[in-house]
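User: Please take a close look at one part of this model, the surroundings of the ligand. After that, go on to the other local features that can be described.

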Amino acid sequence: MDAGWLSNSSAYYYGLDMTAIDFNPDVIEKAKETSKILSVNVKFQCADLFKFSCEPKDIVISVGVLHHTSDCLGGVRRCIELTRNGGVFIGLYHKYARKPFLDYFKTLKEENSDEDFLFKKYRELDGRHADETQAKSWFMDQVLHPYETQHTLEEIAGIFGSMVFPY
Ligand SMILES: C[S@@+](CC[C@H](N)C(=O)[O-])C[C@H]1O[C@@H](n2cnc3c(N)ncnc32)[C@H](O)[C@@H]1O
C-alpha cells in the first residue's frame, strides 16, 4: 500500500502484489502511467487512509505521508490496523534530524522570503537532481509545505507497545 515510487518499484523489483492508495486523483493517474511503463500490475485506488478499509495486508508501506496529516499517530495506528500481524514500514520526519534544516530555512526566510532565493539555497544543500522540475518538487515539499509534524523513535515505538497483535 502506498501510491508513488514505492508501490511501483516494490512490484517491479520484488514482484509483489501491491495495492496503492492516495487521496489525490492526479497522483493516482501519474502512478498508473508509471506502472504501465514498468509493466507492473498495481491495484490503484483513490482513497483517504483514514476512511480506507481492506482485507488485512502482509505489510503496509507509508513513506512521507503521515507527518503531513492532522493526526500522524492515528495514521500510524491505522496502518497497523490494516495489517495481518502489525507489519508496517513507515517513513516520518525525524524531530532531531529535521530541526537544524528547519531552523536554517526559518532564518533565511526572515532575511529574504523570495521563493527563487530560497530555492537557490536549497539547491546548495541538495545536488541530487539533474532534473530541475524534480528538484523544485523536492524543494516545495521540504521547504514550502504548509503543514508538517516531526517525530521520535521513542514516540512511535510506544504505539506498538500499546497494541495487541493476533500472532
Ligand atoms: C510526499 S508524498 C509521498 C508519496 C509516496 N510515498 C511516494 O513516495 O511517492 C505524500 C502523499 O500523501 C498523500 N496523502 C496525504 N494524506 C493522505 C491521506 N489521508 N490519505 C491518502 N493519501 C494521503 C498526498 O496526496 C501525497 O501524494
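How far does a backbone N or O atom of Val63 lie from a nitrogen atom of the ligand?

Analyst: The model is predicted, and the distances below are computed from it. For Val63, the separation between a backbone N or O atom and a nitrogen atom of the ligand is 2.8 Å. Taken alone, the ligand exposes 600 Å², and 79% of that is buried by the protein.

With Phe23, a polar backbone atom is 3.3 Å from a ligand nitrogen atom. Around the ligand there are 16 residues, of which Trp5, Asp22, Asp48, Leu49 and Val63 come nearest.

Glu55 counts as exposed because its relative accessibility is 63%, over the 50% cut-off. Between the C-alpha atoms of Glu55 and Thr149 there are 29 Å, and the two residues are 94 apart along the chain.

Ser39 sits in the loop between helix H2 (25–38) and E2. With a relative accessibility of 65%, Ser39 is also classed as exposed. The phi of Ser39 is near 55 degrees, a positive value in a residue that is not glycine. For context, most residues other than glycine have a negative phi.

The last part is helix H4, which runs over residues 95–111 and has 17 residues. From its first C-alpha to its last, H4 reaches 24 Å, close to the 24 Å expected at 1.5 Å a residue. Its buried residues are Arg98, Phe101, Phe105 and Leu108. These four lie on the same side of H4, because they cover an arc of only 95 degrees around the axis. Helix H5 (115–125) and helix H6 (132–144) are included in what covers them. On the face of H4 turned away from the buried side are the exposed residues Tyr96, Pro100, Lys106, Glu110 and Glu111.

Notes: Residues are numbered from 1 along each chain as its sequence is written. This is a predicted model: local features need pLDDT of at least 70, side-chain atom pairs count only at pLDDT 80 or more; totals for chains, interfaces and linings use all residues. Side-chain values use heavy atoms; hydrogens and water are left out. Helices (H or I, at least four residues) and strands (E, at least two) are DSSP runs, numbered from the N terminus. The expected span of a helix is 1.5 Å times one less than its number of residues. Buried means under 20% relative accessible area, exposed over 50%, partly exposed in between (1.4 Å probe, protein chains only). The arc is that of the directions from the helix axis to the C-beta atoms. Contact means heavy atoms within 4.5 Å. A residue is near a molecule or strand if one of its heavy atoms lies within 4 Å of it. A polar contact is a pair of N or O atoms within 3.5 Å; within protein, one must be able to donate a hydrogen and the other to accept it, and residues adjacent in sequence count only if both atoms are side-chain atoms. Accessible areas come from the Shrake-Rupley method with a 1.4 Å probe; for residues, only the protein chains shown count as cover.
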